[in-house]
Amino acid sequence: MTITVAGNKKEVAEGLTVAQLIIDEDVETPEYVTVSVNDEFLASGTFEGTVLKDGDVVEFLYFMGGGQ
């Protein structure tokens, strides 16, 4: 099946979970990543149980604090 990850189309296996995609994509600091699938944010506790579907669009986001 084909999904889009960070703007790039990829062929992945059926049944791929968000948790496995994070591993496969070697996401930096996975404990701090926020994931959206089709513009819907996922709770971090749902990554293992969220199975991706053909055509899904996945983004990895990091929220950073800072400033004065």
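The paragraphs below go through this predicted model from its overall layout to single residues.

The protein contains 1 helix and 5 strands. Read from the N terminus, these elements follow the order β-β-α-β-β-β. Along the principal axes, the C-alpha atoms occupy a box of roughly 45 × 25 × 20 Å. The chain has 68 residues, and 34% of them count as buried. Its accessible surface amounts to about 4700 Å², with 51% of that belonging to carbon and sulfur atoms. As for the range of the contacts, those between residues at least 6 apart in sequence join residues at least 24 apart in 57% of cases.

The strand pairing can be followed from β3, residues 34-37. Strand β3 runs antiparallel to β5 (residues 57-61), and 4 bridges join the two. Within this pairing, Ser36 has Glu59 of β5 as its bridge partner. Strand β3 also pairs with β4 (residues 40-41), again in the antiparallel sense, over 2 bridges. Here Val37 is the residue that stands opposite Glu40 of β4. The hairpin of β3 and β4 leaves 2 residues between the strands, and Asn38 in this hairpin adopts a positive phi near 55 degrees.

Are the two faces of β3 covered or open? Both are covered. Thr34 and Ser36 are buried on one side, and Val35 and Val37 are buried on the other.

One of these residues, Val35, also belongs to the largest nonpolar core, a set of 17 residues. Val35 is listed there with Leu21, Ile22, Leu52 and Phe60 as the residues that have the most contacts inside the core. Two or more core residues come from each of β1, α1, β3 and β5. Helix α1 provides the largest share, 4 residues. In soluble globular proteins, nonpolar side chains tend to be buried together.

Phe60 shows how parts of the chain meet in this region. Beyond its neighbours within four places in sequence, Phe60 contacts Val5, Leu21, Ile22, Glu25, Val27, Val33, Thr34 and Val35. Among these partners, Leu21, Ile22 and Val35 are, like Phe60, core residues with the most contacts.

The structure holds 1 salt bridge. It is formed by Glu25 and Lys10, whose closest N and O atoms are 3.4 Å apart. The pair links distant parts of the chain, 15 residues apart: Glu25 sits in the loop between α1 and β3, and Lys10 in strand β2. Glu25 is partly exposed, with a relative accessibility of 29%. Lys10 is likewise partly exposed, with a relative accessible area of 29%. Leaving aside residues within four places in sequence, Lys10 is in contact with Met1, Thr2, Ile3 and Val5 as well as with Glu25.

Thr4 belongs to strand β1, residues 2-5. Is Thr4 buried or exposed? Thr4 is buried because its relative accessible area is 13%, under the 20% limit. Its contacts, apart from neighbours within four places in sequence, are Lys9, Asp56, Val57 and Val58.

Thr17 is located in the loop between β2 (8-11) and α1 (18-24). Although it lies in a loop, Thr17 is buried, at a relative accessible area of 16%. Which residues does Thr17 touch, not counting those up to four places away in sequence? They are Phe47, Glu48, Thr50, Val51 and Leu52. Of these, Leu52 is also one of the core residues with the most contacts.

The surface carries a nonpolar patch as well. Tyr32, Tyr62 and Met64 make up this patch, and together they have about 420 Å² of accessible area. Tyr32 is in the loop between α1 and β3. With a relative accessible area of 59%, Tyr32 is exposed.

Key
Residues are numbered from 1 along each chain as its sequence is written. This is a predicted model: local features need pLDDT of at least 70, side-chain atom pairs count only at pLDDT 80 or more; totals for chains, interfaces and linings use all residues. Side-chain values use heavy atoms; hydrogens and water are left out. Buried means under 20% relative accessible area, exposed over 50%, partly exposed in between (1.4 Å probe, protein chains only). Contact means heavy atoms within 4.5 Å. A salt bridge is a side-chain nitrogen of Lys or Arg within 4 Å of a carboxyl oxygen of Asp or Glu. Two strands pair if DSSP finds at least two bridges between them. A nonpolar core is a set of buried Ala, Val, Leu, Ile, Met, Phe, Trp, Tyr and Cys residues joined through side-chain atoms within 4.5 Å. Patches are made of residues with over 30% relative accessible area and no salt bridge: like charges are joined within 9 Å, nonpolar side chains (Val, Leu, Ile, Met, Phe, Trp, Tyr) within 5 Å. Accessible areas come from the Shrake-Rupley method with a 1.4 Å probe; for residues, only the protein chains shown count as cover.
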